[in-house]
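Open the structure in a viewer and keep the selection tool at hand. The stops below are meant to be taken in order.

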Amino acid sequence: MIEKYFDPSYIWTAFSQLMPFLKVTFAVSGLSILFGTLLGLLLAAAKLGKSTAARKLADAYTTIMRCTPSIVLLFLVYYGVPFLAGQFGLNLHDVHTAVFVVITFTLQFAAIMSEVARSAILSVNRGQYEAAVSVGLSPLQAYRRIVFPQAVVVALPNFANGLIALLQEGALAYTIGLIDIVGKANLIVAANFNAHALEIFIALALIYWVLSILIEQFFSLLERWLGRGKRTIKTT
Amino acid sequence: ACGSGDDAEGDDAVRKVKIAYDQASKPMSWIDENGKPTGYDVEVMKLVDELLPDYEFEFVGTTSDDLLIGVEQGKFQAGVKNAFWTEERTKKFLYPEEFLGLSSAGLVLRKEDENIKSLEDFASAGYSLAPIAANNAQYTVIEEYNNAHPDNPVKLQAGDSFTVDVVQWVNEGRVDGGVMIEGPFEKQVTAKDGPYHHLEEEVVYNEFDVIKTWPLFNREEKELAAAYDGAVKKLKEEKKLEELSEEFYGRNLFDVLDSVDR
Amino acid sequence: MQQSLNIPFLIDTFFTALSGVPITLAVTAVAMLIAVPAGFLLALSRVNEVPVLREITKVYVSFVRGTPIIVQIFITYASVPLILTALFEKYGIQANVYELNPIWYAFIVFSFSTTAILSEVFRSALSTVDRGQLEAAWSVGLTGFQSFRRIIIPQALVSALPNLATATVNLIKATSLGYALSLQEITLKAKVAANAGYNYIEAYIDIFLVYLILCSVVEFAFKKYEQRAARFRVQHV
Amino acid sequence: MLEFKGVRKSFGPLQILKGVDVEIGKGDVVVILGPSGSGKTTLLRCLNFLERADAGTARLGSLEVDLNRATKKEVHAVRQKTAFVFQNYNLFNNKTALENVMEGLITGRKQPKETARKKAAAALDKVGLSDKYDAYPVQLSGGQQQRVGIARALALDPEVILFDEPTSALDPELVGEVLGVMRQIAADGTTMLVVTHEMQFAKDVASQVVFMDDGVIVEAGTPGQIFDRPAEERTKRFLRRVLPDEYNYSI
Amino acid sequence: MLEFKGVRKSFGPLQILKGVDVEIGKGDVVVILGPSGSGKTTLLRCLNFLERADAGTARLGSLEVDLNRATKKEVHAVRQKTAFVFQNYNLFNNKTALENVMEGLITGRKQPKETARKKAAAALDKVGLSDKYDAYPVQLSGGQQQRVGIARALALDPEVILFDEPTSALDPELVGEVLGVMRQIAADGTTMLVVTHEMQFAKDVASQVVFMDDGVIVEAGTPGQIFDRPAEERTKRFLRRVLPDEYNYSI
Ligand SMILES: Nc1ncnc2c1ncn2[C@@H]1O[C@H](COP(=O)(O)OP(=O)(O)OP(=O)(O)O)[C@@H](O)[C@H]1O
Ligand SMILES: Nc1ncnc2c1ncn2[C@@H]1O[C@H](COP(=O)(O)OP(=O)(O)OP(=O)(O)O)[C@@H](O)[C@H]1O
Ligand SMILES: [Mg+2]
Ligand SMILES: [Mg+2]
C-alpha cells in the first residue's frame, strides 16, 4: 500500500529545490531575532524598572502581542502600516513584503523575549548586583558584567525555544507571498497537485532537523561556556 | 516596479496595476519552476494586459486569504483565484461583465463507485468527502448544493489546501470521494507520466458541473473592469481562451458552455 | 479606499468562532496535561545527565522542537494510517484506522511538541535553583522526590512560569493548525463562515478577538500565580 | 556509634581528603579544628553523601556503608539518622522560618502537622527566634538565618548532628546561648560532630578534639591533651596563634 | 570624613533603624557591636544605598547626600568611594577569585588590565590565597570565599570600607592575619566601619566602639570607655556574657 504513494526519489529532488530558499528563511528570521531581542530587552528593562507607567505599558504590549495570532498581526502590519503611512503621504505599497514579515516577527519575538529575559534576570541572586555596585560599577555595568552573563545561561534554553520557533514561521510569510523554505515546499506540493506531499514535507523536516541540531550544539557550547562557576541541582 | 511616484502625472501615463494570483492553484494559477507566474487564469490576464496599452499589469503571487483582503483593501487592483460568482461576494468585490474561464468540477471515486454521477447520488450513498480548503471555490459549490438540498446534503468538511491528496485519500479508503478540477486529475492519473498513472484502473473522475470563473476587482476599479471586459470579449471571439483551456485543462471547456448555468 | 465592515457578519461569526473554543481548549488541556510531567522528566534526565536517556532526550527535542508543527501534523496524518493499515492487514486485524477522530492526531502531535518545548523551559528553571537547597532537603531526611516536590519545584516554578505562559499561549494559538486535520476549532470555523461572502477581514477580526480574550485570561492567571509563587523572593529595587 | 575510616576525596587533581579516620561514641561531642581550606566541610559533606567520597566507610550504629558505593536506600537511611547544619545556612528559600523547621518533621519523619508545629516552635524559641516564625529567609539577618538552620537540625532529634561552623554569624552573647543548647542536647545523648573555631566550646564541651590540616588528621585527643600538651609541631603553631594570651594566664 | 545622621529604615511595619548617628574621622576604625538582628547589616547597607533608608543624611568627605533622596549620580559617587565586605560574601559566581577582585578595578575604576591583575594578585596574596587565583566561588571553602570578599574590597583602595562580619568564617589563625591586614590599612589612612563579633579586634584596633541594639545606638566611646566603664545597663549585660572571664584577669 505504502509503495503506491511513497517514492523516496521525491525527497532528493525536493532537497535541491528547497535549499536555495533557506537563505530567505535565514535573512528574515535573523533580522527579526536581532531586532526582536533588542526590543525585548528594552521591554524587560521596563518591566523590572521603577516606572509604573513603563511597566504597565510593557505588560500590555506583551499581552497583546503574545495573544494575537501571528497571521492576524501579519495582516495588521501588512495592511495597517502602509495605511497609516498613507495618512502621512507616504506610499509604502511597493515596499518589499519581507519588510512587513520582519516587522511582524520582531514585534512578536520581542514580547516573548521580554518574558524570557525578565524571568532570567530575576533568577540571579540580588546579592550579585549588590556586590557589583559595591565595587563601584554603575548599575548598567553591574547588569552588563555580572547579572546578564549569569542570566543569559538561564535564558538560553528559552531563547532557543523562541528562535527555533521563529525559524519555522515561514508558513506565515508565505501567506503574503514571501517564499521561504516552507513556502517553497508548499509550492512544490501545489505544483505536484498535492501528490507526494509526504516526501516533500519529509525533506523539509530533515532540513529543519539538521538546522535545529546545529543550533542546539551551538547553544549547548554557549551554555557550558557561560555557565562556568554555576552549581546546579544534579541529584547524582 | 518602482514607479510609485508617477501615479499623479495624469491620465495619459500608463497605469501600473497589481494583479494578485493564487500562487499554489495549479493549473489555474501557480508559480512555475523558474519562479514565473503562469496558469490558465494568469495567462488570460497576460493577454488582457497586451490588449490594454493604458495599463501595465504586475502579477503578484500570494495566498487566497491575502488576495481577498488585498483586493478588497485596494492593495491589489484585481485578483484571480478561480473564483466563482455568488450574490454575497458582489458586496465586497466588483465582478466584471465577462467571465474569465470555465472550471470543471468532478468527483474522484473508486472504480467500483463509477455509477455515482452527481452530488445527489453521492449524498444518497452516505459517502464521506475529502476535506476542502475553506477558501477554495469547490467548497462553495458543495455548500451551495447543500443549501439547495437540505434533505440530502453531502458531508462537507473544511480542511487545508496542502495536506489533502484527493486521489490518494480516495484510493487508500480514507474517504469515499473527493472533489477535483478536471485538469489536475488529467495530469496526475490519466497522463502517462503522471505520478498516479498506476492508479488509472482504480479511480475515476466523474464531472458533475462546469462553472464560470471570474476575476475579482476592487470596488473602485470600474474603469479597469470595463477595460478588462472589452479585452476579454475580444479574446473570446478570437478563440484564444479555448486554446488556453486546451493547454491547461487538457480539454476545451467552452464546448459545453451552453449547458453551464452559473 | 477602506471598505466598510459587514457588522452583522462580524457579530455572527464572532459566536461561530467562539463555538470553536471547546476544541481549542480540549487540545490545549490534553497537550498540557501530558507535556508538563513528560517535559519535566525529560528536563530532569538532562539536568542529571542520565546516560542514555539524556541522548534520547536531545534527539527527541531537536526533532520535535526543530521541525514545523504543521509538517509533523502532516507527516503523522499521512503516514500513520498507511503504516497501521499495512500492519492491520498483515496481522489480520479488523479495524478501520480512518474512523479514528482526527482530534487524536492533534492530541498526539501537540503533546509531543509541547513536551519538547517544556523540557527546555523546565531545564532552564531548574538551573536557577541553587544546589544548596537540595542538599538541605536531603539533610533533613527528605527523599529525592520529596525534595523536588516541596523545595525545588516551588522555587523553580517562579522562573518557569513566565515561559510556561508563553508556551501555553503559543499552544492555544498553534491549535489553529488543526485545520489541517479538519478540527472544528476557532480559526477554521471563522474561515469557513467567511468563505461564502469572502468576508475575510471580519473573520480575522473575530479570530483576533477570540484569541485575545482566551489568551489574556490564561496570561492573567499565570501572572497572578507567578506573584503568589514568588512571595518568598526579595523585591527587586 | 559513629565511625568512619579511610575517607578520601579529590576534586579533579586536587586531593582534599587524604584518608581520614574518626571514631565517636554515643553522646560524644567531637570538635574538628583546622585552618581554612583544610577539608573540614568536605569531610562532613562526604559523611552525609552531599559529596561522593572516592573511598572510605562509615558505621552509624548498626548501619555500615561504603561512602563511595552506598545505594540510594543506604544514603537515605544515613540521612534519616543525621542532621546537618550548613556553613552557609541553606535555608529553604520558599519557606518561612517555622516551615523550614517543620519540613523535615512532616515530610521526612512523617509526623502529624500539629506535633511538628509545636516542636518547630520550641526549637525556634530555644535559639531566641520566637518573633520570627513567619519570616522568609530573605527577611532574616545573617545570625537569625544561622539560628533557623540550627533549630532545623535540633528539631529533628536525630542520632547524629553534623555542625559546620554553627556560630560563625552569631554575636558572642548568642554564641554562649547556642553552645549552651548544644551542650544540653549532647547531655541528652545526641552524638555531635562539630566544625568550629570556638576554642572555648571545644575546651568546655568536647569529649574529643581533632585537629585537621591539609586533608589529614594531624592530631586527636581530649581537649586537655590537644590544648595543653599538643604533640605535633603543626598543632602547636596553630594553637599558639589561636589561643589568646589570657588563656595562658588562666591555667 | 564619614558622618551620618538620623538614619531610619523600616521593613513594612517593622522599624529596624530608629535614627542612628555616627561620626568617623579619616583613618578611624569604628567597630559596631550588637546582638543579632539589631540592625547592623541594615545600617551598612543603607550607607551604601543597597537599601533605601527612609530618612537620614550622610557626609563622605565633601560629599553630602540625603540617604532617602540621593540621585543616581550621588549614589554612584558614594559607591565609588566606598567598598563593602558582605556578611554572606556575595562573590561573583561567574568569575574566578582573581576576576572577582579585578572586576571593580577594571570596570569600576577604569584601570588598565595589567595593573588590575597585579593589584588583585597582591590583595589575594595578602589574605593567603595565592593558590586559588583561578578557582570559581563554588570551588572555594567558606573561609576562602570570605577572604576573596575581603581582598575584593581592599584592592579597590577606597576611602571607606564597610565590613560586615569579615572574619566570621575564618579560623582564629586567619582571623589574626586578616585583622593584621586591616590594622595596617587603617594605619595607611583608610577609614573603616566594621561590624564584628571579634572583641579582641575591637579592643586592639578600634578608635571608637559603637554598641547598637534594636535599631538605636545604646552607647559609643573609646574601647576603653565601652569595655571597662560601660555606662548603660544593656551594654553591661551584653559585655558580661561576651567577654571571657580571662579578660577580667588580664586587666
Ligand atoms: N567543588 C570543588 N572543586 C574544587 N575544589 C574544591 C571544591 N570544593 C572545595 N574545594 C577545595 O577543597 C578544599 C577544602 O575545602 P573545605 O570546604 O572542605 O574547607 P574547610 O576546611 O571547610 O575550610 P573553611 O574553614 O574555610 O570552611 C579547599 O581548598 C577548597 O578550595
Ligand atoms: N527584607 C527584610 N524584610 C523584613 N525584615 C528584614 C529584612 N531584612 C532584615 N530584616 C529584619 O531586620 C532586622 C535587622 O537585620 P540586620 O540584618 O540588620 O541585623 P544584624 O544586626 O546584621 O544581625 P546579624 O548580626 O544577625 O547579622 C532583623 O530582625 C531582620 O529580621
Ligand atoms: Mg568549611
Ligand atoms: Mg548582619
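What follows is a short tour, one selection at a time.

The model is predicted: local features need pLDDT of at least 70, side-chain atom pairs count only at pLDDT 80 or more, and totals for chains, interfaces and linings use all residues. Residues are numbered from 1 along each chain as its sequence is written, chains are lettered from A and ligands numbered from 1 in the order in which they are written, and side-chain values use heavy atoms, with hydrogens and water left out.

**Chain A, helices**

Begin with residues 97–123 of chain A, which form helix H6. Helices (H or I, at least four residues) and strands (E, at least two) are DSSP runs, numbered from the N terminus. H6 has 27 residues and reaches 39 Å from its first C-alpha to its last, close to the 39 Å expected at 1.5 Å a residue; the expected span is 1.5 Å times one less than the number of residues. Of the 27 residues in H6(A), 24 are buried (under 20% relative accessible area, exposed being over 50% and partly exposed in between, with a 1.4 Å probe and protein chains only).

Now select residues 200–222 of chain A, one of the spans that an unreviewed UniProt entry lists as "transmembrane region". UniProt positions are given in the numbering used here, feature names are shortened, and annotations may be inferred rather than shown by experiment. This span is 100% helix and 0% strand, with its end C-alpha atoms 33 Å apart.

**Chain A, charged residues**

Which residue forms a salt bridge with A:Lys47? Select A:Glu115: the closest N and O atoms of the pair are 2.7 Å apart. A salt bridge is a side-chain nitrogen of Lys or Arg within 4 Å of a carboxyl oxygen of Asp or Glu. A:Lys47 lies in helix H3 (residues 22–48) and A:Glu115 in helix H6, 68 residues apart. A:Lys47 counts as buried because its relative accessibility is 6%, and A:Glu115 counts as buried at 3%.

Move to A:Asp180, in the loop between helix H9 (170–175) and helix H10 (181–191) of chain A. A:Asp180 is buried yet has no salt bridge. The nearest side chain of opposite charge (Lys and Arg count as positive, Asp and Glu as negative; His and the chain ends are not counted) is A:Lys184, 11 Å away.

**Chain D**

Finish with D:Lys95 and D:Glu103, whose side chains meet in a salt bridge of 3.4 Å, N to O. D:Lys95 is buried at a relative accessible area of 10%, and D:Glu103 is buried at 2%.
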